[in-house]
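Let's take a walk through this fold together.

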Amino acid sequence: MDTQWGSDFFGTLNELPPEPVAGVSSVLEAAASFPAFKEARQWVLSNLGVSEGSSILEGGCGNGVALAELLELVGASGKIVGIDPTKPFIEAARGRARQLDAPNARYDLGDLRQLPYPDKEFDAAFCDKVLIHAGPAAAALGELARVTKPRSRIGVIDWMPFFVLSATRPVLAEAFNTIFRKAVYDYNVSANLARHLHSVGLSGVRVKGFLAHTDNLDAHPFWRAFIVQQAPMFVHAGLIDESTSHELLSDLERLNAKGEFSASFIVQAAVGTR
Ligand SMILES: C[S@@+](CC[C@H](N)C(=O)[O-])C[C@H]1O[C@@H](n2cnc3c(N)ncnc32)[C@H](O)[C@@H]1O
């Protein structure tokens, strides 16, 4: 088993200028309300066995998009802790906690694979779209298990960034999908959630899949944010050449205008008991 720590560009955001980080932050905001991601998160949260007054940890919390739902779950008497290594995200999450008047929500800078919390501190823990970017999964999940109480539940959400994407020339869709196969840390993590949860000793693991699908590029802001807005960043990172990217985006716009665009991918979620 791979025990070497690693991450993709999501582990290097502190070294980037503010503009691309703000761009990524806006994609996270769009993803938060995107049906497949939202349904997966709500399924996990509703299966964590927590209620009013519980304590919950989110590893890799980003800018804290889950806060409103976590507050609904544990209330003002509960405790919410998020941890993430990206400074501007943690600052944004703290701002969100102030805005939502949630003094019981705390956001810490840190690494999911080495949590600065004592053993058996929380009633539940989860991570959402993190293991695809940083791992190995067993190091991260092992820490979530360590800091939760015996019989607590641990949840994971991740996705396979393979888009079943309309394109007049299939090579364009393949070039788009190649970006993520090259760029992400653990491309296959979402397909192996039960194995990863078992590897840290969890039992009673359940896995559920959620289909993300559209036949309109403007059906939800996530589609344009992810496919169109991020295109210059993918070109800049050398993940797709400029002319292919330009041709792909023009093709998608043309198909969309004619009602011939469609895109799908799969999100997976899992919950296990410590
Ligand atoms: C795709 S974002 C998801 C953020 C958030 N969970 C959400 O759903 O919006 C991935 C997050 O993983 C964080 N990350 C990267 N390396 C990490 C690590 N070693 N430990 C914890 N989080 C990490 C990034 O800073 C980023 O916030």
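This is a predicted model: local features need pLDDT of at least 70, side-chain atom pairs count only at pLDDT 80 or more; totals for chains, interfaces and linings use all residues.

Residue numbers start from 1 along each chain as its sequence is written.

Start with the sheet. Helices and strands here are DSSP runs numbered from the N terminus (H or I over at least four residues for helices, E over at least two for strands), and two strands pair if DSSP finds at least two bridges between them. Seven strands make up an open sheet with mixed pairing, and reading across you get β4-β3-β2-β5-β7-β9-β8. At the edges sit β4 (105-109) and β8 (203-214), each of which pairs on one side only. On average, neighbouring strands of this sheet are turned by 15 degrees against each other, direction ignored. Axes are lines fitted to C-alpha atoms, for helices over the stretch in contact, and angles run from 0 to 180 degrees between N-to-C directions.

Now zoom in on the pairings. Strands of a sheet pair through backbone hydrogen bonds, either parallel or antiparallel. β2 and β5 run parallel and are joined by four bridges, with Glu58 standing opposite Phe126 of β5. On to β5 and β7: this pair is also parallel, over six bridges, and Ala125 has Ile154 of β7 as its bridge partner.

For contacts, the rule is that the C-beta atoms of two residues, placed from the backbone, lie within 7 Å. Helix α4 (residues 87-99) lies across β3 (79-84) and β4, running at about 170 degrees to β4. Helix α5 (residues 137-146) packs on the sheet too, touching β2 (55-59), β5 (122-128) and β7, and its direction makes about 150 degrees with that of β7.

How enclosed are these pieces? Call a residue buried if 20 or more other C-beta atoms lie within 10 Å of its own, exposed if 12 or fewer do, and partly exposed in between, with C-beta atoms placed from the backbone. Eight of the 10 residues of α5 are buried, so this helix is largely enclosed by the rest of the structure. Among the buried ones are Ala137, Ala140, Leu141, Glu143 and Leu144. Their cover includes β2, β5, β6 (134-135), β7 and α7 (193-199). Strand β5 is largely enclosed as well, because seven of its seven residues are buried.

Of its 78 residues, Ile56, Ala125, Ala140, Val156 and Val267 touch the most other members. Helix α5 supplies the largest share, seven residues. Take Val267: neighbours within four places in sequence aside, this valine is in contact with Ala36, Phe37, Ala40, Ile157, Trp159, Phe210 and Ala212.

Most residues other than glycine have a negative phi, and most peptide bonds are trans. Here the peptide bond from Gly135 to Pro136 is cis, with omega near 15 degrees, and Pro136 lies in the loop between β6 and α5. Two lysines have a positive phi: about 55 degrees at Lys120, and about 60 degrees at Lys129. Lys120 is in the loop between β4 and β5 and is partly exposed, with 13 other C-beta atoms within 10 Å. Lys129, in the loop between β5 and β6, counts as buried, with 20 C-beta neighbours inside 10 Å.

Methods: A nonpolar core is a set of buried Ala, Val, Leu, Ile, Met, Phe, Trp, Tyr and Cys residues joined through C-beta atoms within 7 Å.
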